[in-house]
Amino acid sequence: MDKKTGFNTRAIHSGEKVFERAVTQPIFQTSTYIFEGEAQYLDVKYGRLNNTPNHQALQEKIADLEKTEDALVTASGMAAITTALLGAIQSGGHLLAQDNLYGGTYYFLKEDFPYWGREVSLFPTEDSSSVEKYLRKNTKAIYVETISNPLLKIPDLEKIVAVAHKHGALAIIDNTFASPYNFNPADLGFDIVLHSATKYLNGHTDVLAGVVAGRKERLADIRKLVCHLGPTLDPHACFLLNRGIKTLGLRVREHNSSALELAHFLRGLKRVERVYYPGLEDHPDHARAKRFLRGFGGMVSFDYKGSPDELELAMSRLRIPFIAPSLGGVESLITRPSTTSHSGISPDERTRLGIKDALVRLSVGLEDISDLKDDFREAFDA
Ligand code: PLP
C-alpha cells in the first residue's frame with residue numbers, strides 16, 4: 001500500500017486479497033496445494049515453505065508496517081531470533097549483543113550459539129555510544145533491543161547502526177517492546193528487524209508467533225533456514241495474527257497513554273521505590289526515547305520497597321493484572337523477572353544487570369486506567 005497512507009489504514013488493508021467476495025480473508029486450512037509446474041523448491045506451494053495465501057497477506061502487511069522490503073513469519077519470537085541469527089552469521093563469525101536482553105535470547109546466545117560454531121560477547125547497554133571498542137575482527141552483527149527487557153533501557157540506536165555498517169557488519173534489532181506503531185528500525189538503517197509477534201503485534205494473548213523483517217536479499221538465507229528447520233506459523237495462527245494487527249495502532253496508542261499515566265501514579269505509592277519508564281523525565285534514556293520513539297510503550301517496571309515475600313503478597317492483592325509472564329496483550333500482566341523471564345541468569349549476574357529480586361515488570365493492558373490506579377493503590381500503598 002502507498003507509504004503515505006496512514007498506519008491504521010495500512011494495518012487493516014495491506015496485503016489483503018479478496019477470495020470468493022469475502023470481506024475477511026479466509027483461513028486456508030490445507031497443508032499442500034495442487035502442483036502447477038513450479039520449478040524451484042521454494043516456489044512449491046506448501047505450508048512449511050511459508051508461501052500460502054495466509055502467510056503472504058500477513059508478511060506483506062508486516063513488511064509494509066515495518067517499512068521493510070520483505071518479512072517472514074515464524075512459529076514464535078524465539079524461532080525468528082534463532083533462525084535470523086544463525087542465518088545471518090556463519091560459523092566462525094562473532095555477534096556483539098547488548099547485555100540487557102530478553103532471557104530466552106540471553107540463554108540461546110550463552111548456551112547454544114557457541115555450540116553452532118558462532119562466537120558471542122556482550123557489551124553493557126549503558127555503554128552503547130562507545131560500542132566500537134567491543135568489536136572484534138570477525139564481528140558480523142551487532143544485536144540490540146529497542147527497549148530492553150526488563151529495565152526498559154534504550155541503546156544509542158543511531159550509533160549501533162553507524163558502527164555496524166562502518167565495520168561491514170549487520171545491525172539487528174528486536175523491536176518487540178516498541179512495535180512498529182512506536183518505532184520503525186528500518187528508518188535508522190537496521191538490516192534485520194525481529195519481533196515476538198506473540199506480544200503487541202497479535203495483542204490478544206492467544207497466539208505464539210515471530211517476525212523477521214528486512215531487505216529481500218538479506219532475508220533469503222533466513223527464509224531458507226526457516227523452511228529447512230520448519231518453525232512455520234500455521235494458517236489459523238496466521239489468520240489470528242493478521243486480525244490482531246488490524247487494531248495494533250489503536251491498541252498501542254492506548255497502551256502508551258495508560259502506561260505513562262500509571263508510571264507517574266506508581267511513583268507516588270508508599271511501597272514503590274523506583275519506577276522505570278522511558279517516558280519519565282528522570283529515566284536515564286528519556287532523551288533518546290524522545291528522539292527515536294513516537295510513543296514510550298506499554299511496559300513499566302518498578303522496584304518494590306520491601307522484601308520479595310512482601311512483594312509477592314502485594315501482587316496477590318491485585319484484582320486486575322494476572323500474575324503471568326509475557327506482555328503486550330489487552331489484559332494487564334505482572335511478573336517478577338527474577339522468577340520468570342530472567343530466572344536462568346545467575347543471581348550475581350542479575351545484580352550486575354540491575355535486576356533486583358523485588359523488581360516488578362508490568363505490561364499495562366487496556367483496562368480502564370481509573371480501575372488500574374485503584375487496584376495498585378489498594379495493593380501498593382499500604
Ligand atoms: N523478544 C522479547 C523482547 C520477548 O519479550 C520475548 C518473549 O517474552 C521474545 C523475544 C520471545 O518471544 P516468544 O515467546 O514469542 O518466542
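On a 1 Å grid over the protein atoms alone, a cavity is a set of points where a 1.4 Å probe fits but cannot get out, whereas a pocket is an open set with protein on both sides within 12 Å along at least five of seven lines; lining residues have an atom within 4 Å of a point. The model is predicted: local features need pLDDT of at least 70 and side-chain atom pairs count only at pLDDT 80 or more, while totals for chains, interfaces and linings use all residues. Residues are numbered from 1 along each chain as its sequence is written, and side-chain values use heavy atoms, with hydrogens and water left out.

View 1. About 30 Å³ of space lies in the largest cavity, a volume being the space filled by probe spheres set on grid points that are joined across faces, edges and corners. Its lining consists of I147, L152, F177, P278, F296, G297, G298 and M299. These residues divide into six nonpolar, two polar and no charged (Ala, Val, Leu, Ile, Met, Phe, Trp, Tyr, Cys and Pro count as nonpolar, Asp, Glu, Lys and Arg as charged, and the others, Gly among them, as polar).

**View 2. The largest pocket.** The volume of the largest pocket is about 350 Å³. Of the 21 residues that line this pocket, Y102, N149, S196, K199 and L327 are the closest to its centre. Eight nonpolar, nine polar and four charged residues make up the lining. With three residues, α3 gives the most to the lining (helices, H or I of at least four residues, and strands, E of at least two, are DSSP runs numbered from the N terminus).

View 3. The space taken by the ligand is the largest pocket (a molecule sits in a pocket if more than half of its atoms lie within 2 Å of its grid points). The ligand is surrounded by 14 residues, the closest being G77, M78, D174, S196 and T198; a residue is near a molecule if one of its heavy atoms lies within 4 Å of it. Helix α3 (residues 77–88) gives the most to this shell, with three residues. The shell holds six nonpolar, six polar and two charged residues.

View 4. A polar contact is a pair of N or O atoms within 3.5 Å. A backbone N or O atom of G77 lies 2.8 Å from an oxygen atom of the ligand. An N or O atom in the side chain of S196 is 2.8 Å from a ligand oxygen atom, and one in the side chain of N149 is 3.4 Å from a ligand oxygen atom.

**View 5. The cis peptide bond at P150.** The peptide bond from N149 to P150 is cis, with omega near 10°. P150 is found in the loop between β4 (139–145) and α5 (157–166).

Notes
Polar contact = N/O pair within 3.5 Å; in protein donor to acceptor, adjacent residues only side chain to side chain.
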